[in-house]
Amino acid sequence: MNMLLRKLGMLSVLFAMSATSMGCGITEVVLVVAGDNTVQMTAQNLQIQVLDTNGVIAYDETLPVSEFAFPATLSITPSGSESAAFRVHVRATFPAMMMGGDELRSTRGTSFVEGESVRLDIPLFSRCRGVTCGIEQYCAANAQCESDAVDPSTLPSWTGSP
Amino acid sequence: MIGSAVEEASLLLRHTIGVMTCISLLLLTAGGVSAQQEVPTEEQIQEGRQVFAQGTEQARLANWQEARDLFAQAYELARAPIILYNLGGAQRNTGMLIEALESFRTFLSEVDQERFPEEVEQIRISMNELLADIPRVTISAINMREGDSIRFDGQDLTADDLRSARQVNPGEHRVSVVREEIEVETERFTLSATDRTTIEIEAPEPPRDALPNQEVESSRAGLWIGLGVGGAVAIGATVAIILLTAASPYEGNFGNGQTEVP
């Protein structure tokens with residue numbers, strides 16, 4: 001009987017190891033859009049767009065900030081290739097004349113990581129008001145423009161809460 | 001919406017002559033044929049060219065349904081991706097928005113985009129308009145019992161299908177609760193372009209005479225059955241929780257909380 005139980009135990013361990021190594025988890029990128037205090041206090045609306053590799057908008061939604069609590073979170077999953085690339089555009093709008101500009105924009109371009117649930121952070125900084133960056137760039141915490149390309153291998157695992 | 005459709009039709013017609021020229025060239029070369037398909041014969045190319053010309057004429061007359069069928073036939077024959085440009089336009093004008101989107105996506109993936117910059121740009125604009133126009137519906141099923149399933153427009157949905165909004169064409173739709181292969185509850189509804197809605201459907205209670213009414217003769221047997229069922233439920237619930245935790249995408253707090261990228 002002991003031998004049988006040992007064999008069953010070993011089989012369970014092997015099964016668990018193979019399941020883990022096969023990456024049978026869900027493939028998703030959880031987008032987390034945060035804002036500094038000024039952004040959180042004054043933003044009126046938040047727009048999130050997700051574009052596929054052809055630049056075609058696959059998702060586009062604008063919501064008043066009263067309908068969610070910062071940070072905004074959105075799960076993005078692939079309907080085709082599990083390593084597909086995509087780009088996220090985020091735009092927060094403000095009442096006219098507040099913050100010296102009507103909106104703040106940020107973008108990131110990355111890919112899914114097959115079988116993994118990872119987190120993509122897009123923080124919005126009020127000091128970026130009035131800063132206009134080039135295509136595929138975003139305004140970073142130091143108000144300087146940086147490339148918006150994010151190596152998917154650097155994306156942290158999604159732990160289940162922002 | 002109407003203005004957009006008219007504009008689209010106008011653009012489509014404007015491009016048709018140019019495309020006709022392109023297609024004449026493309027149909028003569030294997031390079032214009034989808035890589036995933038067999039190379040059509042010379043006869044098929046000739047026939048495809050004639051059918052495409054007929055489709056173009058029908059499009060010029062705004063007979064979109066006839067044009068759509070002819071463009072589809074031409075594509076079946078010649079397999080030239082550029083035909084999808086016109087097929088998608090005709091599908092869009094006949095309310096087949098999802099099929100139009102698919103035609104445009106296939107076009108972008110199969111055509112040499114540098115050879116057709118104007119068409120590619122126009123298609124990208126059209127695709128973005130289509131994505132905004134395509135209605136989305138979320139099915140909310142209530143009071144479902146074990147073994148019940150949801151059927152939408154004749155297609156059985158999985159639990160995953162129910163978690164997110166579904167893209168559907170404008171028009172009439174039907175959703176049913178299926179129990180033992182019988183549609184026991186049905187809701188019909190109509191969607192227009194840009195609609196975003198949730199349809200609730202409630203599974204009916206099973207009839208009383210369908211419930212087991214025989215008393216268990218032995219209290220010991222009842223105990224064992226109870227223990228067995230209880231154990232099975234506990235194991236089932238544990239497995240379900242593990243599977244759901246591992247396989248369900250996170251539900252965010254922005255809008256529906258989830259989206260997909262093609």
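1. **The A/B contact.** Chain B gives 21 residues to the contact and chain A gives 29. Two residues are in contact if their C-beta atoms, placed from the backbone, lie within 7 Å. On the side of chain B that touches chain A, helix H6 (117-133), helix H8 (219-247) and strand S8 (258-261) each supply at least two residues. That side of chain B divides into ten nonpolar, eight polar and three charged residues. Nonpolar here covers Ala, Val, Leu, Ile, Met, Phe, Trp, Tyr, Cys and Pro; charged covers Asp, Glu, Lys and Arg; the others, Gly among them, count as polar.

2. **Basis.** This is a predicted model, in which local features need pLDDT of at least 70, side-chain atom pairs count only at pLDDT 80 or more, and totals for chains, interfaces and linings use all residues. Residues are numbered from 1 along each chain as its sequence is written, while chains are lettered from A and ligands numbered from 1 in the order in which they are written. Helices (H or I, at least four residues) and strands (E, at least two) are DSSP runs, numbered from the N terminus.

3. Strand S4 (residues 72-78) of chain A pairs with S8(B) in the parallel sense, over four bridges. Two strands pair if DSSP finds at least two bridges between them. Ser75(A) sits opposite Gln258(B) of S8(B).

4. **Chain A.** Chain A has two helices and nine strands. Read from the N terminus, its elements run α-β-α-β-β-β-β-β-β-β-β. Of its 162 residues, 30% count as buried. A residue is buried if 20 or more other C-beta atoms lie within 10 Å of its own, exposed if 12 or fewer, and partly exposed in between, with C-beta atoms placed from the backbone. Among contacts in chain A with a separation of 6 or more, 68% come from residues 24 or more positions apart.

5. **H2 and H3 of chain B.** Helix H2 (residues 42-60) of chain B packs on helix H3 (residues 64-78) of chain B at about 165 degrees, with the axes 8 Å apart. Axes are lines fitted to C-alpha atoms, for helices over the stretch in contact, and angles run from 0 to 180 degrees between N-to-C directions. H2(B) and H3(B) are therefore roughly antiparallel. The classes are: under 35 degrees roughly parallel, over 145 roughly antiparallel, 65 to 115 roughly perpendicular, the rest oblique. The crossing of H2(B) and H3(B) is left-handed, a term for a near helix turned anticlockwise from the far one by less than a right angle (right-handed if clockwise). By class, the contact of H2(B) with H3(B) has eleven nonpolar, six polar and three charged residues. The H2(B) side includes Ile45(B), Val51(B) and Phe52(B), and the H3(B) side includes Trp64(B), Leu70(B) and Phe71(B).

6. **H4 of chain B.** How many residues of helix H4 (residues 83-93) of chain B are buried? Eleven of the eleven are, so H4(B) is largely enclosed by the rest of the structure. The buried residues include Asn86(B), Gln91(B), Arg92(B) and Asn93(B). Just after H4(B), Gly95(B) takes a positive phi of about 80 degrees.

7. **H5 and H6 of chain B.** Helix H5 (residues 97-110) of chain B and H6(B) pack at about 150 degrees, with axes 10 Å apart. That makes the pair H5(B) and H6(B) roughly antiparallel. H5(B) passes H6(B) in a left-handed crossing. The residues of this contact divide into ten nonpolar, one polar and one charged. Among them are Leu101(B) and Phe104(B) from H5(B), with Ile123(B) and Met127(B) from H6(B). Glu102(B) also belongs to helix H5 of chain B. Glu102(B) is partly exposed, with 16 other C-beta atoms within 10 Å. Glu102(B) and Met127(B) lie 25 residues apart in sequence and 9.4 Å apart in space, C-alpha to C-alpha.

8. **Sheet S4-S1-S7 of chain B.** Three strands of chain B form an open sheet in the order S4-S1-S7, with mixed pairing. Strand S4 (166-167) and strand S7 (196-202) of chain B stand at the edges with a single partner each, so one side of each is left without a neighbour in the sheet. Strand S1 (residues 136-142) of chain B runs parallel to S7(B), joined by seven bridges. Ile142(B) stands opposite Glu202(B) in S7(B).

9. **Strands around S2 of chain B.** Strand S2 (residues 149-152) of chain B runs antiparallel to strand S5 (residues 171-179) of chain B, over four bridges. S2(B) also pairs antiparallel with strand S3 (residues 155-157) of chain B, over three bridges. In the hairpin of S2(B) and S3(B), two residues lie between the strands, and Asp153(B) takes a positive phi near 50 degrees.
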